[in-house]
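Open the model in your viewer and keep the selection panel at hand. Each stop below says what to select and what is there.

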Amino acid sequence: MEFNAVYFWESLQSGLTYLPRTMELTGIPILCGFVFGILFAVVRVYKVSFFSPLIAVFVVIYQGLPTVVALLIFNLMFMANFNAVSSSLSLGITAAQIDNIWIGIVVLSLQAICNIEEAFRGAFYSVDNGQHAAALSVGLTEVQTLRRIILPQMLPVALPMVTNNIVGIIKNSSIVVAIGITEVLAGASIPASKTYSFLESYIAAALIYWVLTACVEYTFRRIELRGRKYRRQLA
Amino acid sequence: MNGVGEFFSWSRFVDDIPRLLPYLPVTLGIVAYAIILGVFLGMVIALLRIHGQWFFQPFLRLYISFMRGTPMLVQILIVFYGLPIVLQALGIEANRWDKIVFVYIAFALNEGAFLSEIFRSSILSVPTGQMEAALSVGLTRWQAYRRIVLPQAIRIALPSFGTDFIALFHGTSLAFLIGVVDIMGRAKTLGASTKHALEAYLFIALLFIVASALLRLLFHFLDRKLSYT
């Protein structure tokens with residue numbers, strides 16, 4: 001047994017055809033993560049009653065849960081309960097008609113929301129309290145203060161953490177093979193089911209993920225440097 | 001599923017606990033091996049990155065980039081399928097090894113890369129003056145490292161180490177995907193034999209949530225205890 005370049009190339013092509021699936025599995029969670037993550041971070045920073053402790057408890061629970069355990073539990077719940085819920089709401093669809101990629105998207109979205117919420121909350125506290133007081137004292141409203149003073153200052157602090165979170169979501173998206181969703185990792189190992197060239201397949205998958213995460217890191221690094229440039233001009 | 005009784009029952013949940021707990025040491029064993037080997041490997045790589053010859057650098061950077069840029073699951077699979085082939089070329093027969101050995105190696109290699117970055121940045125964040133002062137009062141380079149630089153670096157590395165440790169603990173839940181019978185693998189076999197996996201998975205979820213919260217508290221406490229400001 002040794003490394004076979006032909007099988008490797010076959011696996012690479014097969015994996016790449018499933019790249020849109022991985023993009024779907026990471027893009028939607030990242031989008032949800034940004035929208036709800038920032039919203040929830042604001043809710044927690046301003047200590048909105050009822051919602052703030054609710055989010056705090058949820059984040060602690062969900063961040064303590066490994067992705068694969070969450071996937072398996074959500075998958076079982078979905079399989080067992082969807083038909084009952086669907087018929088009671090007379091939606092007219094059954095569990096079999098729904099692509100199980102949505103289970104993966106839900107699990108990864110919740111994870112993205114928790115991680116991005118924590119990153120932004122940390123960044124909020126890094127902005128000095130005086131900034132808030134000064135903005136209010138010159139007559140800005142609370143929303144204006146947040147949008148014009150606080151957010152621009154916290155974004156550079158949050159960015160490296162957010163980059164890590166996005167890379168983490170891309171990497172975690174491979175775990176959905178545990179509930180039988182076909183994405184890059186499962187796609188790359190399709191040829192191996194005939195040729196038993198599993199090593200070639202997994203190296204091909206690794207290569208695709210590596211390029212993907214390297215691109216994300218490079219892009220965000222550029223954005224970070226751009227932000228730093230403005231900072232220097234102000235100082 | 002309706003034929004086998006209700007979807008979730010507390011009695012099954014309680015019954016599953018003594019069947020699952022004996023497999024917890026397998027999971028903890030992965031964490032222990034990964035952290036011990038990982039700290040050693042990470043320290044070596046960090047020191048090589050700081051003091052090593054220039055020709056080491058591109059290889060180490062490539063290694064760290066690969067380990068950080070690819071999913072843990074893919075790394076486990078590559079070690080599981082690839083290591084026997086590499087070892088066979090060296091004349092060692094690894095096909096019969098216990099699957100868990102590959103998991104130990106995969107996690108150790110991964111931890112080595114992640115920890116080396118944490119160690120490197122924390123060693124570099126100790127002001128150079130500390131090392132120079134230690135050398136100027138007659139300490140050897142090794143003594144200066146051990147008594148002056150490392151204690152300060154450990155203090156800086158602690159929060160990141162805590163986060164990494166919890167991530168490693170979560171990562172061990174992937175080992176069952178190559179057929180290791182740890183607590184997750186046991187839950188899967190229980191699910192297959194009783195047709196009810198949910199209770200076992202929920203118990204594991206609870207275990208992970210409580211353990212993660214306790215670990216986070218522990219590292220928070222250590223962090224406060226070690227800060228001298």
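Domain bounds here come from an automatic or database domain assignment. This is a predicted model, in which local features need pLDDT of at least 70, side-chain atom pairs count only at pLDDT 80 or more, and totals for chains, interfaces and linings use all residues. Residues are numbered from 1 along each chain as its sequence is written, while chains are lettered from A and ligands numbered from 1 in the order in which they are written.

**Stop 1: the two domains.** Select 1-18 + 182-235 of chain A for domain 1, then 20-180 for domain 2. Their centres, taken over C-alpha atoms, are 24 Å apart.

**Stop 2: where they touch.** In chain A, 16 residues of domain 1 contact 16 residues of domain 2 (contact: C-beta atoms, placed from the backbone, within 7 Å). On the domain 1 side, helix 8 (184-188) and helix 10 (198-234) of chain A each give two or more residues. Helix 10 of chain A gives the most, with 10 residues. Helices are DSSP runs of H or I, at least four residues, numbered from the N terminus.

**Stop 3: helix 2.** Select residues 19-45 of chain A. This helix has 27 residues and reaches 37 Å from first C-alpha to last, close to the 39 Å expected (1.5 Å times one less than its number of residues). Which residues of helix 2 of chain A are buried? Among them are Leu25(A), Ile30(A), Gly33(A) and Phe40(A) (buried: 20 or more other C-beta atoms within 10 Å of the residue's own, all placed from the backbone). The buried residues pack against helix 3 (51-63), helix 5 (101-126), helix 7 (142-172) and helix 8 of chain A.

**Last stop.** Just after helix 2 of chain A, find Lys47(A), with a positive phi of about 50°.

Definitions and conventions:
Two residues are in contact if their C-beta atoms, placed from the backbone, lie within 7 Å. A residue is buried if 20 or more other C-beta atoms lie within 10 Å of its own, exposed if 12 or fewer, and partly exposed in between; C-beta atoms are placed from the backbone.
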